[in-house]
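Here are my notes for you on this fold, point by point. Have the picture open while you read.

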Amino acid sequence: MSKYYLNYLDELESEAIFILREVWAQFDNPVILFSGGKDSILVTHLAKKAFYPAKIPFPLMHVDTGHNFPETIKFRDDIIADLGVQLIVGSVQESIDEGRVAEEKGKNATRNALQITTLLDAIESNKIDCAIGGGRRDEEKARAKERFFSHRDDFGQWDPKNQRPELWNIFNGRHFEGEHFRAFPISNWTEMDVWNYIKRENIAIPSLYFAHEREVVWRQDSWIPNSEFLVLEDHEEIVTKKIRFRTLGDITITGGIESDADTLEKIADEVSGMRQTERGNRSDDKRSESAMEDRKRQGYF
């Protein structure tokens with residue numbers, strides 16, 4: 001009898017599609033958390049495959065900090081128009097204006113943590129029972145603790161010690177009123193897997209991932225892009241470098257790396273030799289050893 005084998009990318013794709021279909025089967029009102037970064041783009045592409053030839057059967061949700069890369073917002077709007085799906089936007093600026101959160105002050109101020117309140121408010125007001133994210137276990141030690149189906153209590157909080165077993169790919173999405181889940185279909189993917197799959201599928205991504213000339217300032221061991229939100233110190237100088245970004249977030253905290261990788265092939269080659277995690281250039285993760293886990297416990301992505 002002949003045997004049928006899947007290569008590793010096909011196995012990862014199959015697993016992710018299975019989880020996306022499980023979400024649709026078990027929950028009443030799921031959404032995809034869409035940031036315009038490569039991981040949320042990948043999850044959206046997989047959802048498109050999972051339900052083809054029908055449209056993706058649930059909305060995309062973006063938590064807008066107001067401090068986004070302009071390229072990211074344009075990419076978001078273009079993909080929404082192309083897919084013909086609903087976009088739900090939660091605005092951090094509105095949360096600030098309503099007094100729900102207080103904006104940070106100082107040189108290293110960021111709106112990153114403020115997204116928690118905006119996200120939880122959007123989940124509650126839209127009666128969302130599962131938010132599908134692009135988190136991967138190889139990104140950061142707190143994310144390594146996540147299950148595929150991650151339970152959140154009625155305050156939106158995550159308790160890593162109170163997660164449900166997932167033996168034999170059996171997922172339990174039962175929850176009480178007010179609780180919800182986060183689902184992570186690409187948990188088992190690595191950064192290298194993501195790039196190899198994007199290259200294989202020829203998935204469109206924002207130009208920020210490719211090396212190009214950009215005005216930046218050296219801060220916290222990475223190149224922070226110049227923007228209207230950047231407050232310079234006396235000793236800091238804006239320079240022009242050929243930069244690309246390994247991960248995208250708030251423009252005030254997303255550090256770039258010097259690179260000549262301006263094609264998917266060059267990016268894959270570059271990533272294969274790297275030893276630092278892609279979030280190593282995110283200043284929000286440098287605030288403490290447990291910065292990500294602390295935010296996740298409060299309801300972060």
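1. Start with the open sheet: six strands in the order β3-β2-β1-β4-β6-β5, with mixed pairing. Strands here are DSSP E runs of at least two residues, helices are H or I runs of at least four, both numbered from the N terminus, and two strands pair if DSSP finds at least two bridges between them. β3 (87-91) and β5 (149-152) sit at the edges with a single partner strand each, so one side of each has no neighbour in the sheet.

2. A word on the source: this is a predicted model, where local features need pLDDT of at least 70, side-chain atom pairs count only at pLDDT 80 or more, and totals for chains, interfaces and linings use all residues. Residues are numbered from 1 along each chain as its sequence is written, and side-chain values use heavy atoms, leaving out hydrogens and water.

3. Now look at β1 (residues 30-33) and β4 (residues 130-132), which pair in the parallel sense over three bridges. Ile32 has Ile132 of β4 as its bridge partner.

4. Next, find helix α3 (residues 70-83). Its buried residues (under 20% relative accessible area with a 1.4 Å probe, protein chains only; exposed is over 50%, partly exposed in between) are Thr72, Phe75, Arg76, Ile79, Ile80 and Leu83. They pack against α2 (38-50), β2 and β3, where contact means heavy atoms within 4.5 Å.

5. What does the other face of α3 carry, turned away from the buried side? There you'll find the exposed residues Pro70, Lys74, Ala81 and Asp82.
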